[in-house]
Amino acid sequence: MACESGQEGGAGGAIFMAVLDDDDAPRALSNLQVLQFLWRVWMRRPWIFWPSAGLMMLAVAMDLAMPFAAGAIATAVAAGPAQASTAWAALWVFLGLSFGAFLTRNVASRFWNRFAAHNMNDLVTRSFADVQANSADWHANTFAGSTVRKITRGMWAYDTLSDILIWGLGPTFAVMIGVSIAVALQWPLLGVYVAVMITLFVASVAALSRFYIRPANRISQRLDSRIGAALADSLGNNPTVKAFGADGRESRRFAQVAGRWSRMAVITWDRFSNGWLAHNIILTALQAGLMIQLVHLWQTGRATPGAVTFAIAAFLMLSGYLRQFGEHIQMLQRAIDELEDVALFARMAPEVADPIAAPSWRAARGEIVFDAVTFQYRGQDERLYDRLSLRIAPGETVALVGATGSGKSTFVKLVQRLYDVTEGSVRIDGADVRTVRQADLRRAIAVVPQEPGLFHRSIGANIAYARPGAGRAAVEAAARQARALDFISRLPRGLDTLVGERGVKLSGGERQRVALARAFLADAPILILDEATSSLDTETEAEVQAAMKELMRGRTTILIAHRLSTVREADRILVFDRGRIVEQGTHISLVASGGRYARLHAIARGGEDLVALAGAPEGLAADETLRA
């Protein structure tokens, strides 16, 4: 690339290499593929598109007729006052064409405004849905801020690209063809000259935009996405920044990201300027050559004053279009590059997809069966589960215990179908989770995670998220069951209190009780409690555990906990190790067996910690054992 040598080889070349070597760099689409995507967007509303395009081309036809009227005026004026009536008639035609072209464009713009607004709404809405449909793995590996930047930038790129093609390039090509034909009909050689110069101009504009400007522009846009990612990452973790007094450090880090974009932007914009210079040199040469030939034709008596006036008027109109053409092509390439990310989102097939035409499904009992399940994470060499089989009876409470990475969290992710199994099946109430719609499946499962995810909305809206349309009375009842109504009622706006981004305005215990209220309102047959009390103080934990016991009643419950005190009352405890269930049973039976769980229990009681740690199984570190 040109940026890797010469004047741009320093900062610019380094930026090129740094960005292009990123693992998360998206697969590029060709210009044609992006334009095909744009055409599909247009054809969602052909009843508006075709009238808009038709009116625009009618306005262009009026523009092409104006040089003929100007030539007729010049011919009549040259003939003297005897042709005054002809001159006036030609003048009125000229003015009528000018006004008609303006009025037609104005009407076309009113069609186009509605067309653009509806399509931009569709584009951003569908892009959001495309992104939402991606797997949990995709979201875990993608900056949310970068994705937001790509979607919003793509929405406005659509607007720019559509305007350029319909209001800019379409009319320009029509004028170029029309003028070339009109000149060639009177002076064939001059027509050939105009056609050749226009072709050279168009080819140079396209080549410079595609091979000289686009590489730098694509990297500028990728760095622009990094700005959005860096902003979201730092602002979303502001409490951590404040806790470590890292405001200055984060500002410097962001300044580095913005600086990389700034340096690349200068390179990109300089290339746009260089392209603009080349375009104007060619256009000036075309203008000079045409004028010289016209004067020569007049001098030799092969062109009348009217014909010369026609040619000059036609060329002046053409040169205006051509100057805009160079700018349009550059903006076109930039808009294509910005729309590319949205087009890629539309092409991505979700890793976890709903079956086609799946019937409505609802779980009632809450039976969970793992049938010879084999599972391997993408990018890992070994399987986590190898033909794991297990049945959880309806209404049974099962606790999952084991070291970090032993397979506990993966178990509940497969129940929720956040991933698809490699082999075997996961069934709920007899239905393979891959055969039902994900929305139906997840309505059957209520999840209370260790770190509840709250939206920057009211407390009431966060609770009601579990059941859209739930009335205020139902929300209050759920909050009361979760032991949350007391603290909510003390807030100035009660249920209408905004919780802040990710619930930052609430304490950990308050967030946890809101999450429990959400689960109460969901009233699902299956409940997953993922270390729901691990980060709470003793008093708050007691309140939350009391609410949890009420919530678990009559439901199939899966508990993930590091504290053995929270799993003692489970109907069955499963001890995981490297994707295998190495022990299972009740708390009493497992303690009596003297195995791994018994050693964990001894450590929890603090009576046999040295012996237990010395005999801890391989892969279960001391800190993990204590925490378990």
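## Basis of the description

Residues are numbered from 1 along each chain as its sequence is written. In this predicted model, local features need pLDDT of at least 70 and side-chain atom pairs count only at pLDDT 80 or more, while totals for chains, interfaces and linings use all residues; side-chain values use heavy atoms, with hydrogens and water left out.

Buried here means under 20% relative accessible area, exposed over 50%, and partly exposed in between, with a 1.4 Å probe and protein chains only. Helices (H or I, at least four residues) and strands (E, at least two) are DSSP runs numbered from the N terminus.

Leaving aside residues up to four places away in sequence, L318 touches V175, M176, V179, V194 and I198, contact being heavy atoms within 4.5 Å.

An open antiparallel sheet is formed by four strands in the order 2-1-4-5; two strands pair if DSSP finds at least two bridges between them. Strand 2 (385-392) and strand 5 (431-432) are the edges, each pairing on one side only. Helix 11 (residues 408-415) packs on the sheet and touches strand 1 (368-375), strand 2 and strand 4. The direction of helix 11 makes about 115° with that of strand 1, where axes are lines fitted to C-alpha atoms, for helices over the stretch in contact, and angles run from 0 to 180 degrees between N-to-C directions.

Five bridges join strand 1 to strand 4 in the antiparallel sense, and V369 stands opposite R427 of strand 4. Strand 4 (residues 423-428) is linked to strand 5 by two bridges, also antiparallel. Across this pairing, R427 faces D432 and I428 faces A431. Two residues lie between the strands of this hairpin, where D429 takes a positive phi near 50°.

## Helix 16

Helix 16 (residues 508-522) has 15 residues, of which 13 are buried. From first C-alpha to last, helix 16 reaches 21 Å, close to the 21 Å expected at 1.5 Å a residue; the expected span is 1.5 Å times one less than the number of residues. Just after helix 16, D523 adopts a positive phi of about 50°.
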